[in-house]
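Have a look at the sequence and the model first, then read on.

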Amino acid sequence: MTASITPERPSATEGQRSRPLIVTEDEALLDDLLRLCAAAGAEPEVAHGALTRRGSWEAAPLILVGDDSAARLSDRARRQGVLLIGRDLDDHGIWRRAVALGADNVAFLPDAETWLVDRIADVAEGVGRQALTIGVIGGRGGAGASTLACALAVTAARSGRRTMLIDADPLGGGLDVLLGGEGAQGLRWPAFAESRGRVAGSALEESLPELHALRVLSWDRGDSVVIPPSAMRAVLAAARRRGGVVVVDLPRRVDDAAAEALSQIDLGLLVVPAELRAVAAAHRVASTVGMVLRDLRAVVRGPCGPELGDEEIAELLGLPLAGQLPPEPGLADAFEGGEPPGGSPRGPLGRFCAEFWARVLADEGGAGA
């Protein structure tokens, strides 16, 4: 259990890896806090009794103060990022000590262990601005959503942005295949199937195959086609904490795992071929996805005829138009030659993606750099 004394938390810049400070003389509490730090991937500084290193109170990004030490630290300079750790939920005096200490929060163990691990891990990873996360979903089978997802990721990586591509569609055939990297070394989804708690963002990134300057989480060639919701939640949260951009290829059927993915998407793109039957199918998908994802936009895959233009299709779907994706006749030949979707910045797909990122990132104020 936790309770907030002040609403703010210390910020950390991307790439910063600082040591939290533990202050307690309670050996049992110290053992618990060291265990939680290890779970969060952090190596803390420990002060038994008096603070031994000058400036440690001021410099530490996060301070965990045992309730046994609160009274003697009450004359310390006020600062953000101080947590008071207790065990007795019935000890009402802890709130008075927290105010005297200037603590942001009071955390009671063992109830608040998961919450506390997350706070420590934020410090260990140096969490900055979260990744701009784009979800791509097909309005019907064969709409070209996976191709667009790959092209968006390839284009973002080509511009120098940290990029991760996540295949959340277990029946899609594997995005690593589309990128020509089915044999690349690195982990696939089955390795993360049991993830329930926090996944370290840096460890996730380093474990995945690197293809065309981006990291890809796809499927192996086995029979497993299930992503537990807890695994989807943990993996996507870890990917977002790394910053840059994350592109997610989404399934059309919204199960529990897909709903978890949708809850972390900033902007969704519904790919709709310019055909009346495709629009009817896409309408059903949009109705379902729109219940979870607030910002869903239509990408119309051309060519469009005079009776059914891109704006008319978006209007029929009740969605804003993200743009029209023109045909790219040489796409299959390029794939056979080892070029990924969007690999040519001068091709229609590459130009569409470059214009999309320029527009969206400008709207976000440069997010994902």
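**Salt bridges**

The count of salt bridges comes to 15, where a salt bridge is a side-chain nitrogen of Lys or Arg within 4 Å of a carboxyl oxygen of Asp or Glu. This is a predicted model, in which local features need pLDDT of at least 70 and side-chain atom pairs count only at pLDDT 80 or more, while totals for chains, interfaces and linings use all residues. Residues are numbered from 1 along each chain as its sequence is written, and side-chain values use heavy atoms, with hydrogens and water left out.

- R242 and E205 meet through their side chains in a salt bridge, at 2.8 Å from N to O. R242 sits in the loop between α8 (229-241) and β11 (245-250), and E205 in helix α7 (residues 201-207), so to speak a link between distant parts of the chain, 37 residues apart. Helices here are DSSP runs (H or I, at least four residues), strands are runs of E (at least two), and both are numbered from the N terminus.
- Both R242 and E205 are buried. Buried means under 20% relative accessible area, exposed means over 50%, and partly exposed is in between, with a 1.4 Å probe and protein chains only.
- R233 forms a salt bridge with E260, and their closest N and O atoms are 2.6 Å apart. Because R233 belongs to helix α8 and E260 to helix α9 (residues 256-262), the pair ties together parts that are 27 residues apart in sequence. R233 counts as partly exposed, at 36% relative accessibility.
- R240 and D266 also meet in a salt bridge between side chains, at 3.4 Å from N to O. R240 lies in helix α8 and D266 in the loop between α9 and β12 (267-273), so this pair ties together parts that are 26 residues apart in sequence.
- How accessible is R240, buried or exposed? R240 counts as buried, at 10% relative accessibility, whereas D266 is partly exposed, with a relative accessible area of 32%.
- A network of salt bridges links D32, R35, R87 and E113.

**The chain as a whole**

- The chain has 13 helices and 14 strands.
- Its C-alpha trace spans about 75 × 40 × 40 Å along the principal axes.
- Of the 369 residues in the chain, 52% are buried.
- Take the contacts (heavy atoms within 4.5 Å) between residues at least 6 apart in sequence: 72% of them join residues at least 24 apart.

**Helix α1 against helix α4**

- Helix α1 (residues 27-40) and helix α4 (residues 113-125) pack at an angle of about 55°, and their axes are 8 Å apart. Axes are lines fitted to C-alpha atoms, for helices over the stretch in contact, and angles run from 0 to 180 degrees between N-to-C directions.
- α1 and α4 are therefore oblique to each other. Angles under 35 degrees count as roughly parallel, over 145 as roughly antiparallel, 65 to 115 as roughly perpendicular and the rest as oblique.
- From α1, the residues L33, R35, L36, C37, A39 and A40 meet E113, L116, V117, I120, A121 and A124 of α4. By class, this contact of α1 with α4 has 10 nonpolar, no polar and 2 charged residues. Ala, Val, Leu, Ile, Met, Phe, Trp, Tyr, Cys and Pro count as nonpolar, Asp, Glu, Lys and Arg as charged, and the others, Gly among them, as polar.

**Helix α10 against helix α11**

- The axes of helix α10 (residues 276-289) and helix α11 (residues 310-317) come within 9 Å and cross at roughly 40°, so α10 and α11 are oblique to each other.
- α10 passes α11 in a right-handed crossing.
- V279, A282 and H283 of α10 meet I313, L316 and L317 of α11. The contact of α10 with α11 has 5 nonpolar, 1 polar and no charged residues.

- A156 lies in helix α5 (residues 145-158) and counts as buried, at 1% relative accessibility.
- Leaving aside neighbours within four places in sequence, A156 is in contact with R161, T163, V245 and W357. The C-alpha atoms of A156 and A358 are separated by 9.8 Å, although these residues are 202 apart along the chain.
- R221 is found in the loop between β10 (214-217) and α8. Not counting residues up to four places away in sequence, R221 touches G173, G174, D176, V177 and E182.
- R221 and G174 are 8.5 Å apart in space, C-alpha to C-alpha, and 47 residues apart in sequence.

Conventions:
Left-handed = near helix turned anticlockwise from the far one by under 90°.
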